[in-house]
Amino acid sequence: MSTELPEPASKIELKPGVGGGGEIPQFNITLRVRRYLPETTADAYWEDFELTMYGTDRVLDALHKVKWDHDGSLSFRRSCAHGVCGSDAMRINGRNRLACKTLLKDLDHSKPITVEAIKGLPLEKDLIVDMEPFFQSYREIMPFLINKGHEPSAERYQSAEDHAKFEDTTKCILCAACTSSCPVFWTDGQYFGPAAIVNAHRFIFDSRDDAGDMRLEILNDKEGVWRCRTTFNCTEACPRGIQVTQAIAEVKQAILARSI
Amino acid sequence: MQVHKYDVVIVGAGGAGMRAAIESGQRARTAVLTKLYPTRSHTGAAQGGMCAALANVEEDNWEWHTFDTVKGGDYLVDQDAAEVMAKEAIDAVLDLEKMGLPFNRTPEGKIDQRRFGGHTRDHGKAAVRRACYAADRTGHMILQTLYQNCVKHNVEFYNEFYVLDMLMVEEDAFREDGTAYKQKRVAGVVSYDLATGELHVFQAKSVIFATGGAGKVFKTTSNAHTLTGDGMGIAFRKGIPLEDMEFVQFHPTGLAGLGILLSEAARGEGAILRNSEGERFMERYAPTIKDLAPRDIVARSMANEVREGRGCGPNKDYVLLDLTHLEPAHIDAKLPDITEFARTYLGVEPYTDPVPVFPTAHYVMGGIPTNIDAEVLQDNDTVIPGLFAAGEVACVSVHGSNRLGTNSLLDINVFGKRAGISAAKYALGAEYVELPEDPEKFTTDQIDAMINSTGTERVAVLRKELQDIMDANVQVFRDKDSLDRALVVIEELRERYKNVAVQDKGKRFNLDLLEAIELGFLLDMAEVMTAAAMYRKESRGGHYREDFPNRDDENFMKHSMSYRDATATTEGISGIRMETKPVIFTRYQPMERKY
């Protein structure tokens, strides 16, 4: 429950320079984009764009600058532009990131910033991949609450401790940054991948759900959780800070505990 | 071109569309068309909560919630609709919990509730804990939970299908008093498959529009790039009126310069606003509930502080959201995402430093007029059979001239559900309306003209000019001169838009074309918003006219209804006809709005 707070002061002394501000620094970058335009060119290729950008700009702003000022054919998905919709996962300098959450000022400007589509899913155009195989894996783990017995008249109760057991994995935005960073997924497209396991975890450890065993059975499959080689790429890639590898480990432990 | 036939077609897969789909999909053959993958919808960006008078943590009831909604909307709310929403809020929250939504819990394990702007105990006596929440990602959890339940119920999605046109016919009909009129009927929609560039016609007995808002009319906005007023634009072009379009909500706490939303939940959890003097200035503007006053009042107060020279930063153009008196553990537990936004995008640590904020275009209160069953109206009271709308695209009107925080997540759940049930029910008893000849012709011509254009104008240039002029002239403060300035530029941009060209000539994922089409909708919406703002010569809720600073119930206690009409002129703007619609009162008479 929200706690009662003392009334804050009507007036305080502000520290000088509070709120940051000042001139926003400006810098030049080379954005090196992996292009793929199947209607005009058979093969993918790298294209460089020289851009002047600002200290508050993200990689998404650089991509927009290219699309809006230079080449309208550059294609990429995006929507919310602040890291909650999961549209713009891509490989930035070889690591999976959301373009809208990666500030240019945090990247090395002395060499080109490379941007390419996420790996392991069929490439459609430029930075756009076919997400269907990814969502197929998600659907297979039955990503919805399943209850047996009578529906309660009001809410089901859940203790804060029980809620905490799966809260981390509820943060997933299905951007595929984790799954498409996984070397097992690259070589074996049948592997469920971390995102599907994260979403299974979200229900397996929800005290209100009654289908944990069914999900554990699905993930005990040969393409399931045991393919994970604990490389931690997924955890490193997750833009939501989900402890993906830990969630996978908890699912593994649950399968083992169950088979005993 | 492919033709599909469904009982119900839902356009849009945000909260309202998916809530409708869960109902409709279990009753009738339903397809959901969405220009994004469903989980990308902007419902997911909502943060703070969803109000319902559960009374889980303190005394509360739905009548208080109704009153707050009516007063929050400065009495322009249709009170029958507000009553429906506040009453059904309780089941709407319980529905979500049963679907699996992981709400934060009280120590007893019940759904926890917190304070939010304008939500009060006993008609304004004090702030009340009414907002049910999941940390500061309530919208994310609603979107995910609804998508999960769509998967559970095998809802058919057409992902990245962009609806560009609605197929509509008009029939001669007679009213009860014998007067003749043209009855509109919906036959389906035309959709563009982004992956292939092919057109698909969807014939349907019922069509639900749930396409969201139009925040990208403005430069500084919390809205996604994709919120370009498509659904409102399509309806408007078909002669359906748009209601109360002058009312746009500017959310007080957007990250300064960026517009990214910092939830009102921050203030609900105890954060306060300060000016350059370090003053908690809301004490002056809303002495009783201070920082938890409704958004229109807080946004205007902030803008006023800046205007009077008490803004912060090198350009004195923002104020500060101060969380520094809160415990870091409390912040981490209740507001983890928004504090991360401050760190990521502004490099400010909210534990120790106040965060620069300024109002950001957030929500369109107006939209396609509907009744409480989500049926779309072609005038003040004539229903278009089989056509429904819900969520931000619609105007029921439960938000009046200013929406209370959390009432949009509530709106999509209550009226999304109602739309789904109504649409399925109608479809099961109705016949298809025959498709017009060449149903896709309008859309094909539009796309061909765009692709083959040899014009010299660029989409991004026109869009930026539009957004700049709207920010400068149709934002928190407006007057005749500023609106005139905006209109001149909008007209000029509409002319230049005819000369716009796209560079991408391909068929696969031609998002260049998509942006060009979206710009057309933005221009239409900007013009309607500005025209309606010009028409309303009073100040009410989110619409503040400096040349008419008072509320004028005698002349303007009524909804505005903007129609596209080539023969008409409103306030010197040709092509728009302005009419009005009475506000529905049940139990609350207008009072002066003080907090």
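How are helix 2 of chain A and helix 5 of chain A oriented to each other? I shall answer that in a moment, after a word on the model.

This is a predicted model, in which local features need pLDDT of at least 70, side-chain atom pairs count only at pLDDT 80 or more, and totals for chains, interfaces and linings use all residues. Residues are numbered from 1 along each chain as its sequence is written, while chains are lettered from A and ligands numbered from 1 in the order in which they are written.

Let me begin with chain A. Its secondary structure comes to eight helices and seven strands; helices (H or I, at least four residues) and strands (E, at least two) are DSSP runs, numbered from the N terminus. The C-alpha atoms of chain A fill a box of roughly 65 × 60 × 35 Å along the principal axes. Of the 260 residues in chain A, 46% are buried. A residue is called buried if 20 or more other C-beta atoms lie within 10 Å of its own, exposed if 12 or fewer, and partly exposed in between, with C-beta atoms placed from the backbone. Among the contacts in chain A with a separation of 6 or more, 67% are between residues 24 or more positions apart. Two residues are in contact if their C-beta atoms, placed from the backbone, lie within 7 Å.

I return to the opening question. Helix 2 (residues 132-140) and helix 5 (residues 194-204) of chain A pack at an angle of about 25 degrees, with their axes 8 Å apart. Axes are lines fitted to C-alpha atoms, for helices over the stretch in contact, and angles run from 0 to 180 degrees between N-to-C directions. The two helices of chain A are therefore roughly parallel to each other. For such descriptions, angles under 35 degrees count as roughly parallel, over 145 as roughly antiparallel, 65 to 115 as roughly perpendicular and the rest as oblique.

Which residues make this contact? Helix 2 of chain A contributes A:Phe134, A:Ser137, A:Tyr138 and A:Glu140, and helix 5 of chain A contributes A:Ala195, A:Ala196 and A:Asn199. These contact residues divide into four nonpolar, two polar and one charged. Here Ala, Val, Leu, Ile, Met, Phe, Trp, Tyr, Cys and Pro count as nonpolar, Asp, Glu, Lys and Arg as charged, and the others, Gly among them, as polar.

Next, the meeting of the two chains. In total, 55 residues of chain A are in contact with 67 residues of chain B. On the side of chain A that touches chain B, helix 1 (59-70), strand 6 (123-125) and helix 3 (160-167) of chain A each supply at least two residues. Helix 3 of chain A gives the most, with three residues. By type, this side of chain A divides into 22 nonpolar, 18 polar and 15 charged residues.

I now turn to chain B and its strands. An open sheet of four strands in chain B has the order 11-14-13-12, with antiparallel pairing; two strands pair if DSSP finds at least two bridges between them. Strand 11 (248-255) and strand 12 (272-274) of chain B are the edge strands, each pairing on one side only. From one strand to the next, the twist averages 45 degrees. Strand 11 of chain B is joined to strand 14 (residues 355-364) of chain B by six bridges, and B:His251 has B:Thr360 as its bridge partner in strand 14 of chain B.

Elsewhere in chain B, strand 19 (residues 558-570) and strand 20 (residues 573-582) pair in the antiparallel sense over nine bridges. B:Thr570 stands opposite B:Ile573 in strand 20 of chain B. The two strands of chain B form a hairpin with two residues between them, and B:Glu571 in the turn has a positive phi of about 50 degrees.

Is helix 2 (residues 62-72) of chain B mostly covered or mostly uncovered? Ten of its eleven residues are buried, including B:Trp62, B:Trp64 and B:Phe67. The buried residues of helix 2 of chain B pack against several elements of chain B, among them helix 3 (79-99) and helix 11 (407-428). After helix 2 of chain B comes B:Asp74, whose phi is positive, near 55 degrees.

Finally, B:Met99 lies in helix 3 of chain B. B:Met99 is partly exposed, because 17 other C-beta atoms lie within 10 Å. Leaving aside residues up to four places away in sequence, B:Met99 touches A:Leu145, B:Thr145 and B:Asn149. The C-alpha atoms of B:Met99 and B:Asn149 are separated by 6.9 Å, although these residues are 50 residues apart along the chain.
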